[in-house]
Amino acid sequence: MALLRIAVPNKGSLSLSASEILRESGYRQRDDAKQLTLTDTENGVEFFYLRPRDIALYVGEGTLDAGITGRDLLSDSGAKAEEVMGLGFGRSRFRFAGPKGVYTDLLQLAGTRIATSYDGVVRAFLEERGIEATVVRLDGAVETSIQLGVADVIADVVETGSTLRQAGLEVFGDTILESEAVLVTRGGSVPDGFEIFRRRIEGVLVARSYVMMDYDIKSEHVAAAVALTPGIESPTVSPLHREGWVAVRAMVPRAGAQRLMDELFEIGARGILLTDIHACRL
Ligand SMILES: Nc1ncnc2c1ncn2[C@@H]1O[C@H](COP(=O)(O)OP(=O)(O)OP(=O)(O)O)[C@@H](O)[C@H]1O
Ligand SMILES: O=P(O)(O)OC[C@H]1O[C@H](OP(=O)(O)OP(=O)(O)O)[C@H](O)[C@@H]1O
Ligand SMILES: [Mg+2]
């Protein structure tokens with residue numbers, strides 16, 4: 001069978017986390033940041049380490065079967081690639097920003113010079129709103145462009161906001177795009193072997209966001225307890241050697257698991273255990 005061909009960010013914010021999720025999914029990943037490709041024969045996958053900005057293009061053209069990139073980069077590329085699922089890392093917001101106290105409304109963009117590395121996203125936004133402005137395409141460090149006089153406002157990725165603060169800028173208007181790393185394919189027919197790849201990644205995402213909860217409880221309280229821990233399919237309830245008690249096992253969301261333990265304790269659950277899940281197939 002032909003190898004599945006997958007694009008992975010070679011540098012930047014997404015690179016380490018992308019390789020990490022692939023490793024956790026059981027695939028081999030490069031140890032050397034200069035390596036360009038890696039063939040994992042055992043799992044039938046060939047990885048291509050590419051600039052995240054170029055990945056949607058390769059996938060959209062059908063040269064590669066799937067890839068990991070940013071939702072903002074996918075949108076900016078205008079490529080025919082489609083998002084299969086969000087991967088939960090590389091989160092950022094795409095915002096307009098200007099010198100403190102000058103801009104409050106996106107309508108003020110009319111007639112300005114806007115510096116950005118995401119000219120596709122910005123032009124589409126302006127067109128949609130019928131706003132006339134000049135887009136200045138820069139490769140990076142766009143926050144400095146206002147001070148240097150080539151732009152009036154910027155449109156850029158904001159994560160913590162500390163780069164904006166350092167440059168004396170502040171965001172204005174609504175968020176243009178909520179981004180995170182995404183898995184993309186060409187859409188339409190799914191290549192051979194992609195379904196297994198997708199399920200492995202999904203398994204890691206579920207394992208990251210869920211934990212396994214075990215507890216013992218008197219039979220008369222089990223209905224109330226399983227209402228709190230319905231699991232994904234349904235919780236496992238097994239008899240205990242101790243008469244009138246059962247053991248319950250269910251996957252629960254990691255967020256809020258401590259509060260859930262408090263509530264279960266309140267209604268009589270004892271021996272409540274939380275354990276990590278390393279991988280799963282739902
Ligand atoms: N703090 C951040 N800075 C930049 N991009 C971020 C950040 N957090 C998440 N991202 C996401 O990472 C992707 C940017 O990819 P890119 O290759 O430009 O990374 P980068 O960190 O800007 O690296 P470089 O500027 O060295 O190329 C986008 O999808 C962006 O939303
Ligand atoms: O809100 P923050 O946490 O400060 O992060 C956002 C900053 O990080 C990115 O820059 P990067 O380091 O990738 O440099 P670049 O502008 O050269 O791409 C982005 O372009 C912002 O400048
Ligand atoms: Mg950058």
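The dialogue below sets some terms against their definitions.

Tutor: This is a predicted model, in which local features need pLDDT of at least 70 and side-chain atom pairs count only at pLDDT 80 or more, while totals for chains, interfaces and linings use all residues. Residues are numbered from 1 along each chain as its sequence is written, and chains are lettered from A and ligands numbered from 1 in the order in which they are written.

Student: What makes β1 and β3 paired strands?

Tutor: Strands (E, at least two residues) and helices (H or I, at least four) are DSSP runs, numbered from the N terminus. Two strands pair if DSSP finds at least two bridges between them. Six bridges join β1 (residues 4-9) to β3 (residues 45-50), so the two are paired, and they run parallel. Within this pair, Val8 stands opposite Tyr49 in β3.

Student: Why are β2 and β5 said to stand at the edges?

Tutor: The open sheet has six strands in the order β2-β3-β1-β4-β11-β5, with mixed pairing. β2 (37-40) and β5 (82-86) each have a single partner strand, so one side of each is left without a neighbour in the sheet.

Student: What makes up the polar, nonpolar and charged parts of the shell around ligand 2?

Tutor: Ala, Val, Leu, Ile, Met, Phe, Trp, Tyr, Cys and Pro count as nonpolar, Asp, Glu, Lys and Arg as charged, and the others, Gly among them, as polar. The shell divides into three nonpolar, five polar and three charged residues. Among its residues are Ala141, Glu143 and Gly140, which are therefore nonpolar, charged and polar respectively.

Terms used: A residue is near a molecule or strand if its C-beta atom, placed from the backbone, lies within 6 Å of it.
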